Amino acid sequence: MLLCDFHIHTTYSDGSIELRKTIDIFGQSGFDVIAVTDHVVNTDSTIGAIAHRFQYSVTEKTFDTYLQAVRDEAVRAWNKYGMLVIPGIEISKNYISREKSAHMLILDVKNFIPADWSYEKIFLEAKRQKALTVACHPHAMSGMSKNTYYLWNNREKYAKYIDAWEVANRDDVFSVIGMKQYPYIANSDFHKARHIYSWKTLLNCRKEVSAVKSCIRHNRGVAITLFRN
Ligand code: ZN
Ligand code: ZN
């Protein structure tokens with residue numbers, strides 16, 4: 001099965017490691033498929049505005065540079081490690097209220113999607129781009145209290161737009177996702193080198209972007225594993 005991690009940040013947003021080095025860390029650790037998913041943060045809240053001020057967000061202005069850099073690294077990763085790299089973003093709607101906040105991955109993104117758009121508009125645009133949508137850390141997380149409950153609390157309305165939910169993120173497992181029998185994957189939410197040791201996805205499919213997306217969407221041949229040193 002393919003060892004995969006679909007939730008990785010770099011210095012293009014709030015990750016602490018530069019893109020090229022991040023690719024090398026995952027390539028040297030034997031990963032088959034990864035997605036680089038830097039934050040695209042909302043601007044319509046104080047914490048969102050602060051993220052922009054400290055350049056912790058990919059913006060409409062920087063998106064093309066970011067996408068091209070990931071695509072260039074994808075070529076290098078394939079040649080050097082046989083590792084597939086998928087360009088993505090993490091749409092981050094950050095508010096003081098955890099009930100109002102939500103993060104979602106857009107995997108195989110092609111054009112910029114503003115985080116200020118409505119959920120419906122974001123999901124429809126992702127679908128138009130034939131991208132995959134993933135609800136991130138949808139329930140109570142350990143440690144930091146940056147919980148994001150909006151999509152879980154409004155699942156009856158939005159589940160139809162969501163291709164998969166994170167059943168595990170870094171050290172946390174969200175049993176509610178399993179109980180609801182939603183399509184699932186597990187990711188590191190990589191920001192620092194040590195975050196590579198975390199929950200991961202295993203896929204039984206070809207090492208190719210459309211096969212990976214289809215495997216996650218149909219959620220057959222998907223397993224999770226705790227990757228430890
Ligand atoms: Zn997040
Ligand atoms: Zn993240």
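Which residue coordinates both the zinc ion (ligand 1) and the zinc ion (ligand 2)? In this predicted model, in which local features need pLDDT of at least 70, side-chain atom pairs count only at pLDDT 80 or more and totals for chains, interfaces and linings use all residues, the residue in question is E90, and the two ions are 3.3 Å apart. Residues are numbered from 1 along each chain as its sequence is written, chains are lettered from A and ligands numbered from 1 in the order in which they are written, and side-chain values use heavy atoms, with hydrogens and water left out.

The zinc ion (ligand 1) is coordinated at 2.1 to 2.2 Å by E90 (OE), H103 (ND1) and H137 (NE2), where donors are N, O and S atoms within 2.8 Å of the metal (3.2 Å for Na, K and Ca) and sites may look incomplete because water is not among the atoms. Since H103 lies in strand β4 (residues 102–107) and H137 in the loop between β5 (132–135) and α5 (150–153), the pair ties together parts that are 34 residues apart in sequence. Both H103 and H137 are buried, that is, under 20% relative accessible area with a 1.4 Å probe and protein chains only.

The protein as a whole comprises eight helices and 10 strands, defined as DSSP runs (H or I, at least four residues, for helices; E, at least two, for strands) numbered from the N terminus. Buried residues account for 57% of its 229 residues. Among contacts (heavy atoms within 4.5 Å) between residues at least 6 apart in sequence, 65% join residues at least 24 apart.

How values were computed: Buried < 20%, exposed > 50% of the residue type's maximum accessible area, 1.4 Å probe, protein only.
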